[in-house]
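Welcome, and thanks for taking a look at this one with us. Please have the sequence and the 3D view open side by side as you read.

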Amino acid sequence: MLNTVISHFPSHTVRIFYLRLSGAKIGKHVAMYGGNEYRNPKGLTVGTGSALGHRAILDARRGLTIGKSVCFGTEVMIWSLHHDYNDTNFKVVGDSVVIGDYVWLGSRCIILPGVKIGDGAVIAAGAIVTKDVPAYTVAAGVPAKVVSKREEKDYDYAPGYSRMHMV
């Protein structure tokens, strides 16, 4: 019901209400755009002022912490579980994912299990992040590698606060 009906309901307020009811911890002034898929909302934490773009997959089965003022592009995928392809039973393995404050995740980037993305980092559109990304760096490519640095400042924006697009 959460992923098929509520996720597409045309109201941030309704979507967030049901996510909280399902156990997610969501800060104030968060924008959660439509069509997102949530795996284990009880393991999801979203910080104040963040904006999660359309059609994201948020796998919180092993835990997913998204910091404050994080900005998602469309169709971001974050995975906390996957399969061990060398195991004869194809067992499930994984670890929690942590996204720091003031991070920008570009459209269609993929974050794999156990990754930590430092404060202020930028992940380029289409990147596949397999390892931790240091704070205030820009990572791009497949697999993602640091390609640039972002200025370390006292950032003070909240993309979720002003909901420019309400659905």
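Here is a short briefing, arranged by topic.

The model is a predicted one, so please read every value below as computed from predicted coordinates. The protein has one helix and 19 strands. Its radius of gyration is 15 Å, close to the 15 Å that the globule rule gives for 167 residues, so the protein is as compact as a globular protein of that length.

**Overall build**

- Taken along the principal axes, the C-alpha atoms of the protein fill a box of roughly 45 × 40 × 20 Å.
- Of the 167 residues in the protein, 46% are buried.
- The protein exposes about 8,600 Å², and carbon and sulfur atoms supply 57% of that area.
- If you count contacts between residues at least 6 apart in sequence, 27% of them join residues at least 24 apart.

- Five strands make up an open sheet, and their order is 1-4-7-12-15. The pairing in this sheet is parallel.
- Strand 1 and strand 15 stand at the edges with a single partner strand each, so one side of each is left without a neighbour in the sheet.
- Strand 1 runs parallel to strand 4 (residues 44-46), and two bridges join them.
- To find this pairing in your viewer, look for Ile26, whose bridge partner in strand 4 is Val46.

**Strands 16, 18 and 19**

- Strand 18 (residues 137-140) pairs with strand 16 in the parallel sense, over two bridges. Here Ile123 stands opposite Ala139 in strand 18.
- Strand 18 is also joined to strand 19 (residues 145-149), this time by four bridges and in an antiparallel arrangement. Val138 stands opposite Ser148 in strand 19.
- Strand 18 and strand 19 form a hairpin, with four residues between them. In the turn, Gly141 has a positive phi of about 100 degrees.

**Backbone angles worth a look**

- Most residues other than glycine have a negative phi, and most peptide bonds are trans.
- Which phi does Glu75 have, positive or negative? Glu75 is not a glycine, yet its phi is positive, at about 60 degrees. You will find Glu75 in the loop between strand 8 (71-72) and strand 9 (77-78).
- Phe90 is not a glycine either, and its phi is positive at about 55 degrees. Phe90 is found in the loop between strand 10 (81-83) and strand 11 (92-94).

**Two buried loop positions**

- Is Val30 buried or exposed? Val30 is buried, with a relative accessible area of 1%, and its place is in the loop between strand 1 (25-26) and strand 2 (31-32).
- Val30 and Gly49 are 19 residues apart in sequence, while their C-alpha atoms are 4.9 Å apart in space.
- Gly118 has its place in the loop between strand 15 (116-117) and strand 16 (122-123). Its relative accessible area is 18%, so Gly118 counts as buried, the cut-off being under 20%.
- Leaving aside residues up to four places away in sequence, Gly118 touches Gly100, Val103, Val133, Pro134 and Ala135.
- The C-alpha atoms of Gly118 and Tyr102 are separated by 9.1 Å, and these two residues lie 16 residues apart along the chain.

**The helix and a nonpolar patch**

- Which residues make the nonpolar surface patch of about 330 Å²? They are Phe17, Tyr18 and Leu21.
- Tyr18 is found in helix 1, which covers residues 12-21.
- With a relative accessible area of 35%, Tyr18 is partly exposed. That value also passes the patch cut-off of over 30%.

Note on methods
Residues numbered from 1 in each chain as written. Predicted model: local features only at pLDDT ≥ 70, side-chain atom pairs only at ≥ 80, totals over all residues. Heavy atoms only, no water. Patch = residues over 30% accessible without salt bridge, like charges linked within 9 Å, V, L, I, M, F, W, Y side chains within 5 Å. Areas by Shrake-Rupley, 256 points an atom, 1.4 Å probe, with all protein chains shown as cover. Salt bridge = Lys/Arg side-chain N within 4 Å of Asp/Glu carboxyl O. Buried < 20%, exposed > 50% of the residue type's maximum accessible area, 1.4 Å probe, protein only. Rg over C-alpha atoms; globule rule 2.2 N^0.38 Å. Contact = heavy atoms within 4.5 Å. Pairing = 2+ DSSP bridges.
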